[in-house]
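This report covers symmetry, a strand, charged pairs and aromatic rings. Please keep the model open while reading.

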Number of protein chains: 2
Amino acid sequence: MSKMNGAQALIRTLVNCGVDTCFANPGTSEMHFVAALDDVPEMRGILALFEGVATGAADGYARMADRPAATLLHLGPGLGNGLANLHNARKAHIPIVNIVGDHATYHAQYDALLQSDIATVARNVSSWVETVERPEDTGSAAAAAVATAASAPGQVATLILPADVCWLEGGVVAAPESANIRSTVDGEVIEGIAKCLLSGEQSLLFLGGTALRARGLAAAGRIVAATGAALLAETFPARVERGAGIQPISKLAYFAEAAVDQLEGMRNLVLVDAKSPVSFFAYPGKASDLVPSGCEVQTLAGGGDDAIAALEALAEAVDAPAECPTLAVAFRPERPTGPLTADTIGQTLGALLPANAIVSEEAATSGFGLGHHTAGAPPHDWLSLTGGAIGQGMPVATGAAVACPDRKVVCLQADGGAMYTIQALWTQAREGLDITTVIFNNRSYAILNIELSRVGAKTSGTKAKEMLDLSRPDMDFVAIAKGLGVPATRATTAEEFTEQFERALATPGPALVEAMIPGLD
Amino acid sequence: MSKMNGAQALIRTLVNCGVDTCFANPGTSEMHFVAALDDVPEMRGILALFEGVATGAADGYARMADRPAATLLHLGPGLGNGLANLHNARKAHIPIVNIVGDHATYHAQYDALLQSDIATVARNVSSWVETVERPEDTGSAAAAAVATAASAPGQVATLILPADVCWLEGGVVAAPESANIRSTVDGEVIEGIAKCLLSGEQSLLFLGGTALRARGLAAAGRIVAATGAALLAETFPARVERGAGIQPISKLAYFAEAAVDQLEGMRNLVLVDAKSPVSFFAYPGKASDLVPSGCEVQTLAGGGDDAIAALEALAEAVDAPAECPTLAVAFRPERPTGPLTADTIGQTLGALLPANAIVSEEAATSGFGLGHHTAGAPPHDWLSLTGGAIGQGMPVATGAAVACPDRKVVCLQADGGAMYTIQALWTQAREGLDITTVIFNNRSYAILNIELSRVGAKTSGTKAKEMLDLSRPDMDFVAIAKGLGVPATRATTAEEFTEQFERALATPGPALVEAMIPGLD
């Protein structure tokens, strides 16, 4: 029998399969896994103080590395703490391999305090859940988990690992399994859509997921040039390449009323790795399905298809120009002066965003206007909140910085959402990650103040308003950041913000700027 | 049709059923519920920045009020964020009513970004899960949820509330349903156990749950006096009444080796609202079941039984003295001087703990010696981490303070566990809760340093050790607390700690003392 234990074989297999980063928040049942980290030097373990940071960081890592990281979580409660960001990852088809430690196989019968039904919770966010029962099987299970995670369109795979399966000898390293690659879209589908786009009817190319890299956007821009089709991106894409030299794309609006305006008059809606547009929430008396009546929805590329190749083939089919004629022109706004607002922060961002930056944005109401100020900035990646579960921005920034140590990461984070996974700052400090975080502090769940009236809730009372208010006490993000090891400053004017943001960008390692912006009323 | 909407009928029913406190972290789908708070003045809404704070606070509230509070959570991800502390509550049979908002009934089909399978996740922690489909049913569902939660032995009930069911008119307020009360234990069972205890064989009364109030302990003390039985409490009881004038009780040790010593030689083990003792985790080569071979396990009272009445009946059956002869004597240790350690903090606690205090303790390795210093302090309640999912101490303190505004709450919190739900401090500041928090800052997951060797993991490497290390950077809990609105100080000697702790106790409202104690090595 192999002298390697189950944990050692598992980690060795992960590394062989290209998974060499593990965002971890371990407990006693994971101690043999933790010990085995020292036996496999290629595996990097990164500690998080809270599991939502670990799962969100794995998401950000995979978005930028285009391959999965692992998480290490402590039984059912650890998985629960990581669930919200796994939900976000699932919705965006981000590959993640979760390793969830469990009690030893023979211990489960005693219903000890930490015993719970891990598999059922895992299934809510995972395409693949497997409990490994013997050390002989940890390697093959790990290989299967990585292949499943990496298989198109990308998914969350969860491996449940009992403690004794870790510690017993007999571990067998497995060879990598091949993942399902993206399918080539059928020529007939492309021809049909080409015909439709050339029919003269008003058409919309609706792009999401993998279509939003520069190459896909360039092909889309060529199609637009040849056909007059409109072009929109899904509201919350996982990763958009944008900036000077890249075909720009607007997003479908978050508020359904504005989205309805964007879609009005469309007769053909062509989905390119995107779902047919629906309202984010339901509102009394308003439609959930945003597709205008009489508009036909067709799919050019689904989640498992090679969307970029499909767009390029479609461009050929519509006889598009060889070069995209509508690439964004380099442009930076002036440095702003005067009051500090979400808008002036956007100007600063546009003025200063470094080339090749990665932007992790969960700015909520403050994010609505950030895009146009940065449209002509040097090329950069823009990562959004993908599944509606707030608390993703700072963990995603963390993982993106781990994946891309040579790129500057800018995290644009609303105050309310910041407080779900604020512990991310500590991991940023520990790992010396090059992240500049901007907290948009408006002392409010501002989005809910808008939504309260949009859902038609009638209230003149104070109790409802208090549920949306983040003052009383005002949070001091400079103090919180310092407490977690990240240097921080507070800006109250556009000039202060610009100066502080520029200094943070110029300094390697993490920094935070708390931007004091007006509330809604 | 009723002009009341579903949310109004639901909240009115909750209040009619005695649930008048709601720990909330709402989103758009809960806006009509939030608006309805102003229509039912008796319902208090308390905002949390993170759902784990809300669920843990509901737990602490119920432990002290002996009736459930409600939580308000935002769809599947909100429930996920609250899951760890619901796990803790489930394990200790704490009554909680969760209201989880969901998309409008007709919106689910569109699989919007926040859509997920809420009910399946809820079932992992809930005895009762119901999705309300019509506004006419919110009242009756709320009444059923409260009755289920309050039914012996106490449970988590989860009501899933689609947004349209909230906003549509037709709500009907329901009358309270009666909860299942605790059963009276059969006289034959009591006689049988009495005979056994009087047999001369070494016996142990093993108390948990509801048995650990002063009245139950007094009866147990009388039984011990009459029979020579040993007396132990479960390792992590939800609530123990203790201090001068109350029968003291030791707890079963956390580490299985020590527990085995405590149980050695026992021939009869009598369970009183406690589970038969098992090891918290499994360890290679060690037994999970801690009951010595040849020891017979009998149940005096199960979770659904009236354990206190059973103990009193058993005391009569063994012809026990009318008064408990072994009540704790009033005693306070001297104020300590010199180095600050978990032990000197215990001395300060014993010297200063106010009468009628509530202690929420999640001190982990620092908590092992706190009990004996406070054994003779004025009567107080001691609340433990009940399900092994760390991050419960500060939320439980929050809820206990809401339930008992006239009592001082002392939260004894390890540094590692603090960082899962540190957001609790903000709610404490917002509500002006009278809580003194002590952070045991040893810059380490110290328990894992112990467990790493106990599980037999062989490592001389640095990567494993780094996974257990909370320095690099050191956290500054004074800064974090100030950032969340709670005044804080740092103590590095016993004298400083005593002075700061005394001042914090003397000042109404929340305060935090960061106690810098030695690490393990």
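By what turn, and with what shift along the axis, can chain A be laid on chain B? The turn is 180° and the shift is 0.0 Å, with an RMSD of 0.0 Å. That is the relation of a two-fold axis. The superposition is by least squares on C-alpha atoms of residues with pLDDT of at least 70 in both copies. Ile480(A) comes closest to the rotation axis among the residues of chain A, at 2.2 Å (C-alpha). Of the interface residues of chain A, 100% are also interface residues in chain B, so the copies meet through the same surface. Contact here means heavy atoms within 4.5 Å.

The model is predicted: local features need pLDDT of at least 70, side-chain atom pairs count only at pLDDT 80 or more, and totals for chains, interfaces and linings use all residues. Residues are numbered from 1 along each chain as its sequence is written, chains are lettered from A and ligands numbered from 1 in the order in which they are written, and side-chain values use heavy atoms, with hydrogens and water left out.

**A buried strand**

Helices (H or I, at least four residues) and strands (E, at least two) are DSSP runs, numbered from the N terminus. Buried means under 20% relative accessible area, exposed over 50%, and partly exposed in between (1.4 Å probe, protein chains only). Strand E15 (residues 409-414) of chain A has six of its six residues buried, so it is largely enclosed by the rest of the structure. Val409(A), Cys411(A) and Gln413(A) cover one side, while Val410(A), Leu412(A) and Ala414(A) are on the other. In a regular strand the side chains alternate between the two faces of the sheet.

Strands pair if DSSP finds at least two bridges between them. Strand E13 (residues 358-362) of chain A runs parallel to E15(A), joined by five bridges. Val359(A) stands opposite Val410(A). E15(A) also pairs in the parallel sense with strand E16 (residues 435-441) of chain A, over six bridges. There, Ala414(A) faces Phe440(A).

**Salt bridges**

A salt bridge is a side-chain nitrogen of Lys or Arg within 4 Å of a carboxyl oxygen of Asp or Glu.

| Pair | N to O distance |
|---|---|
| Glu42(B) and Arg12(B) | 3.2 Å |
| Asp59(B) and Arg63(B) | 2.7 Å |
| Arg239(B) and Asp66(B) | 3.8 Å |

Arg239(B) and Asp66(B) are 173 residues apart. Arg239(B) is buried, at 8% relative accessibility. Asp59(B) and Arg63(B) are both buried. They lie four residues apart in helix H3 (residues 51-65) of chain B, about one helical turn. Glu42(B) is partly exposed at 42% relative accessibility, and Arg12(B) is partly exposed at 22%.

**Aromatic rings**

Rings of Phe, Tyr and Trp (its six-membered ring) pair if their centres lie within 6.5 Å; planes under 30 degrees apart count as stacked, over 60 as edge-to-face and the rest as tilted. The count is 19 aromatic pairs over all chains. Phe23(A) and Tyr61(A) have ring centres 6.2 Å apart and planes at 70°, so the pair is edge-to-face. Phe23(A) is in strand E1 (residues 21-24) of chain A and Tyr61(A) in helix H3 (residues 51-65) of chain A, 38 residues apart. Phe23(A) is buried, at 2% relative accessible area. Tyr61(A) is buried too, at 3%.
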